[in-house]
Amino acid sequence: MIATARQALGLLDRKDRRRFFWLLLLSVVLAMLEIAGIGSIVPFIGALASTGDGPAHPYLVRLQHWSGYEQEHSFLVFLGSCVIAAMTLRNVFFAFSNWLVALFTALCRRNLATRLLECYLSRPYAYFLTRNTNELRRNVFEESAQVIEGVLIPFTRIASSSCVALAILTMLFITDPSAAATAFVTLGSAYALIYWYTGSRVDKLGQLGHGYRQQAHRVGSEAFGGIKDLKLLKREALFIDSYRSISERLTRVDMRRNAIGLIPRYAIETLAIAGVVMFILYTSRGGAALGQMLPVLALYLLAGYRLLPALQSIYTNLGYLRFNRVVLQTLHDDLADPAQPVESRSTGETLGFEHAIDICDVSFAYPQAQAEALQGVSLRIDKNTSVAFVGTTGAGKTTLVDMLMGLLRPTSGSILIDGVSLTADNVGAWQRNIGYVPQHIWLSDDSITRNIAFGVPDEDIDHEAVRAAATAASLHEFILTELGQGYDTVIGERGIRLSGGQRQRVGIARALYHRPSVLVLDEATSALDGATEKAIIEAVDTLSRKITVVLIAHRLNTVIDCDRIFVLERGCVVDDGDYASLLRDSSAFQRLAR
């Protein structure tokens, strides 16, 4: 439990840890108020029972003398007022504490989710090659909340309930040490035994529940992500049945967890009631007066009324901690490495690029890969020229471009920008030079303007630059004549209201918005029809000699006008030259052209 507490606190920032310790202190205060509430009722009941019915309990006599109320009725009114005041203070404080817990939960959930998102987004690109992005999204938006509500909040409840239980047992011990010791040993041992017996089962249920939630989330994401294929192939029933099966298993896990948490309560309550009855029979066998016996009985009944829920709360929340330990461990491991500062493209210096990019004897291997993706690649790209990388699938084209953009770091060799080696310290400055157009453009359900100026706050969007980028991508006229609201037209999720060619043009405009000196197109036209592809290539050709253009292409007709073409096979550059010379002299290029 101590290790769990350390891991949980490690997820919080300094302010949230301070808030957490204040909540623990508040738990102690609540325990004291709970005892005050119970303690105020006992003398009131004792005084009420002893009125006109024989001698009162000795402590009531002393309390009446201390209060200064000689008349029984006045003393009773005084005690009743104390009960009302104590319970009012207790309830007001409890309401305030619940508000603070709700506030703490909301703040911690927000801060932890933000820290996780910052942690993930600050990771290098290679990190995402080995992680499932659905899992990362779920950690940010779901698991962070589960850790707060299933680990941290149970800790506060355990602290509060422990203080209440300890205070009640202390009060009982002062009144009757032997009875208090018996109650502590009996109830405590019963809960400890049940917790020990169910602990491993709760751990296993926690692991199963975590796995089932991952599976359910993955099925839902895949269903919505591939909705077009799913509809065409009529596979809706498959996904529905799969999700239903996983949900049923997850439901059984939750039912078993809840049963383990609740069922012991009834057995313990039966044991406690039997103990109270035996205690009453034991104390009444001597024929003691009701006025003397009732305060003690009231104390034990009220104490039992609050002690049992406190012990049950401790047991239940310990179960929550064990059930959610696997989630806590996952987030703790992800946050173990501190997040690196996230650079803004709009701030900082840009690495100078005036002459050429030199790739010198570069090799690269992906994590856990058997063979190298690139082997000893060397080439030169002059500024304001157009170059293309061609080759079969798996030849290393995308890997080479990813290293050129600074997303991957070479296993060996170096990349030089005007003779300056590209390193972790200056890669951000280099990336400010780059505009990137992937094969599949990701578009948000937002306006044309916000999609072109993607990630730029509304107040910082340069609308002239948006129009200039759209014009360069041959998109401006379409926006003005075909879209009802012009640049404010919302294009739907993933740009569903646009054609494939229009989406690619939006992607090119996005890449050009920041006025890059290097434009990279990663098979950006491979999914388009011939006419649309030709229009896109013509739009790119107009940029030639103004910026450096780097293309990855499968269709060789898209690279005809490139200044230089590099042919890759199995991670190596096997030929290079212009289109005509390669078609004449390169057997590797001729095989691609067939």
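**View 1. Strand β7 is mostly covered.** Five of the five residues in β7 are buried, where buried means under 20% relative accessible area, exposed over 50% and partly exposed in between, with a 1.4 Å probe and protein chains only. Val518, Val520 and Asp522 point one way from the strand, and Leu519 and Leu521 point the other way. In a regular strand the side chains alternate between the two faces of the sheet. Strands here are DSSP runs of E with at least two residues, helices are runs of H or I with at least four, and both are numbered from the N terminus.

This is a predicted model: local features need pLDDT of at least 70, side-chain atom pairs count only at pLDDT 80 or more, and totals for chains, interfaces and linings use all residues. Residues are numbered from 1 along each chain as its sequence is written, and side-chain values use heavy atoms, with hydrogens and water left out.

**View 2. Six strands form an open, mixed sheet.** The order is β6-β7-β8-β3-β9-β10. Two strands pair if DSSP finds at least two bridges between them. β6 (434-437) and β10 (572-577) stand at the edges with a single partner strand each, so one side of each has no neighbour in the sheet. From one strand to the next, the twist averages 20 degrees.

View 3. Four bridges join β6 to β7 (residues 518-522), and the two run parallel. Val437 stands opposite Leu521, and Ile434 has Val518 as its bridge partner. Five bridges join β7 to β8, also parallel. There, Asp522 is partnered by Ile552.

**View 4. Helix α16 packs on the sheet.** This helix (residues 500-513) touches β6 and β7, contact meaning heavy atoms within 4.5 Å. Its direction makes about 170 degrees with that of β6. Axes are lines fitted to C-alpha atoms, for helices over the stretch in contact, and angles run from 0 to 180 degrees between N-to-C directions.

**View 5. Arg138 and Glu143 meet in a salt bridge.** The N to O distance is 2.6 Å. A salt bridge is a side-chain nitrogen of Lys or Arg within 4 Å of a carboxyl oxygen of Asp or Glu. Both Arg138 and Glu143 are buried. By this rule the count comes to 15 salt bridges.

**View 6. Lys383 and Glu354 form a salt bridge.** The N to O distance is 3.4 Å. The pair links distant parts of the chain, 29 residues apart. Lys383 is partly exposed at 24% relative accessible area, whereas Glu354 is exposed at 53%.
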